[in-house]
Amino acid sequence: MRKTNFDRYLAQQLRDPAFAERFQQAGEAWDVALQIAALRTRAGLTQKELAHRLKTSQRRIGRLESPGYEGHSLGMLRRVAKALSAKVRVVLELEHKA
């Protein structure tokens with residue numbers, strides 16, 4: 001597959017350790033947001049319906065499903081998981097130095 005201008009730009013930016021760290025953190029937040037949205041959709045619930053189950057606002061559910069949000073608490077993730085018949089699993093891994 002041919003590299004696009006964006007691929008080359010991203011590769012260049014990732015050489016900066018500070019950018020690489022921010023990029024990885026953004027990816028982690030994106031993953032959490034997508035998982036919550038997918039589980040909610042799979043359960044056939046709207047954000048408003050999930051919010052009602054959790055006794056919170058639809059706006060808060062929207063924030064949890066936002067890729068840019070990084071304020072997920074373990075307690076809220078557990079509440080969301082329970083409401084969606086899921087479980088929370090946190091994994092801490094050693095970094096691989098290149």
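Trainee: Which residue just after α3 takes a positive phi?

Mentor: Keep in mind that this is a predicted model. The residue is K55, and its phi is about 55°.

Trainee: Which residues of helix α3 are buried?

Mentor: Look for residues with under 20% relative accessible area. In α3, which covers residues 47-54, these are Q47, L50, A51 and L54. Seen down the helix axis, they fall within an arc of 100°, so they line one face of α3.

Trainee: Which exposed residues does the face turned away from the buried side of α3 carry?

Mentor: Here the cut-off is over 50% relative accessible area. K48 and H52 are the exposed residues carried by that face.

Trainee: Is E65 buried or exposed?

Mentor: Take the place in the chain, then the accessible area. E65 sits in the loop between α4 (58-64) and α5 (74-83). Its relative accessible area is 12%, so E65 counts as buried.

Trainee: What does E65 touch, not counting residues up to four places away in sequence?

Mentor: Its contacts on that count are A33, I36, A37, R40 and Q47. One of them, Q47, also belongs to the buried residues of α3. With R40 there is a polar contact as well, side chain to side chain, at 2.5 Å.

Trainee: Which residues make the nonpolar surface patch?

Mentor: L74, V88, V90 and L92 make one of about 400 Å². V88 is found in the segment after α5. With a relative accessible area of 33%, V88 is partly exposed, because the value lies between the cut-offs of 20% for buried and 50% for exposed.

Trainee: What share of the contacts between residues at least 6 apart in sequence joins residues at least 24 apart?

Mentor: This value concerns separation along the chain. In this protein the share is 52%.

Terms used
Residues are numbered from 1 along each chain as its sequence is written. This is a predicted model: local features need pLDDT of at least 70, side-chain atom pairs count only at pLDDT 80 or more; totals for chains, interfaces and linings use all residues. Side-chain values use heavy atoms; hydrogens and water are left out. Helices (H or I, at least four residues) and strands (E, at least two) are DSSP runs, numbered from the N terminus. Buried means under 20% relative accessible area, exposed over 50%, partly exposed in between (1.4 Å probe, protein chains only). A polar contact is a pair of N or O atoms within 3.5 Å; within protein, one must be able to donate a hydrogen and the other to accept it, and residues adjacent in sequence count only if both atoms are side-chain atoms. Contact means heavy atoms within 4.5 Å. Patches are made of residues with over 30% relative accessible area and no salt bridge: like charges are joined within 9 Å, nonpolar side chains (Val, Leu, Ile, Met, Phe, Trp, Tyr) within 5 Å. Accessible areas come from the Shrake-Rupley method with a 1.4 Å probe; for residues, only the protein chains shown count as cover. A salt bridge is a side-chain nitrogen of Lys or Arg within 4 Å of a carboxyl oxygen of Asp or Glu. The arc is that of the directions from the helix axis to the C-beta atoms.
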